[in-house]
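Work through the two exercises below with the structure in view. Each task is followed by a solution in steps.

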Amino acid sequence: MNDQAPPIDFDAIPRSRLPALLRAMPKAELHLHIEGSLEPELIFRLARRNGVALPHASVEALRAAYAFTDLQSFLDIYYAGASVLLKEADFFDLAWAYLERAAADGVVHAEIFFDPQTHTMRGVPMEAVVVGLSHACRRAHAEFGISAQLILCFLRHLSEDEAFATLEQALVHRHHFIGVGLDSSERGHPPEKFARVFARCRALGLHVVAHAGEEGPPAYIETALDVLKVERIDHGVRCTDSPALTQRLARERVPLTVCPLSNVRLCVFPSLAQHNLPQLLAEGLCATVNSDDPAYFGGYIADNFLKTFEALPQLGAREAWQLAQNSFEASFVPAAQKAAWTARLRDVFSAAVAGG
Ligand code: HPA
Ligand code: ZN
């Protein structure tokens, strides 16, 4: 269908129209930890509702603690924040708040990470987590037209046996999630530590993704692909330390779910102006833009697009189109659905060319 469609005249879209276009264009969000969308206001509301004591006196004091030096310094605060999540209704409220914001940012489809071990190790039933999140996804589809699916992440600082136990518990709710991922502290916990549990997940027909190459070396990206056989790499930005790997990712169209604001907050890059997103696109990688943990890193997906494009003048309307198109290509949905979103993308870009 799109082979016949006339080309978009990207050069006819002035830079002044870019912010509105970036916000309005349909896009998929593929790297979002639902616990990372827990805003300080909701932390305080849930703490009151559940009678949980917090170490910070106010929302402002909590926000002031969000000064991170690396991934681990963030994870310590992120896991502490999640301690207010206890009941199914808490997980519903959390996901609902994210989905409302995502829909306002032009997200038509979200594949949402959740970390069950963060909750089950505190005695929260797996069912409360999965059913609360899933209910919000279903209701948001009905109310906002956004499609949303869940990806269960294993915490890589824990053992593979614990991942197996988590998987077995979650399989009771198999119909509520589409895949598994791997997150938490990367350095010292290479993907191959989880070879057997990922093999089991693949055999069960689950999609498989993994964080790799955020702080870890290019070798972690390679073993995520070759040992875990993942379909996407989360982050992956350190691939450019290895030209051969970068070429491989381009050749094989392995999607990278890049999170620019996260990378700057966690000191993976010194500033947005020094981010390698333009290089990844120029080298033909299927890179996408995502928010990772928006409550902690200063913005949801539209902010990630707007701030990144503002800092990097090499990024214009052509790259905006490419990133949205890549997000559809990289998503786990049928080809007909991807084509329908591409057609919507074309309508939005055609209106921008015409001056809308
Ligand atoms: N990296 C690893 N683990 C995480 C992240 C991240 O960016 N966010 C939440 N858990
Ligand atoms: Zn992440």
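**Exercise 1.** State the volume of the largest pocket and describe its lining.

Step 1. The largest pocket has a volume of about 230 Å³. On a 1 Å grid over the protein atoms alone, a pocket is an open set of points where a 1.4 Å probe fits, with protein on both sides within 12 Å along at least five of seven lines; lining residues have an atom within 4 Å of a point. The volume is the space filled by probe spheres set on the points.

Step 2. The lining consists of 14 residues, and Ser134, Cys137, Arg138, Ala148 and Gln149 lie nearest the pocket's centre. Two or more lining residues come from each of α7 (126–144) and β3 (147–155).

The model is predicted: local features need pLDDT of at least 70 and side-chain atom pairs pLDDT 80 or more, while totals for chains, interfaces and linings use all residues. Residues are numbered from 1 along each chain, and side-chain values use heavy atoms, without hydrogens and water.

**Exercise 2.** Which protein atoms are donors of the zinc ion (ligand 2), and where in the chain do His211 and Asp292 lie?

Step 1. Donors are N, O and S atoms within 2.8 Å of the metal (3.2 Å for Na, K and Ca). His31 (NE2), His33 (NE2), His211 (NE2) and Asp292 (OD) lie 2.0 to 2.2 Å from the zinc ion.

Step 2. The donor spacing in sequence is H-x1-H-x177-H-x80-D. His211 is in strand β5 (residues 207–212), and Asp292, 81 residues apart from it, is in the loop between β8 (287–289) and α14 (294–297).

Step 3. His211 counts as buried because its relative accessibility is 5%, under the 20% limit. Asp292, at 2%, is also buried.

Terms used. Chains lettered and ligands numbered in written order. Helix = DSSP H or I, 4+ residues; strand = E, 2+ residues; numbered from the N terminus. Buried < 20%, exposed > 50% of the residue type's maximum accessible area, 1.4 Å probe, protein only.
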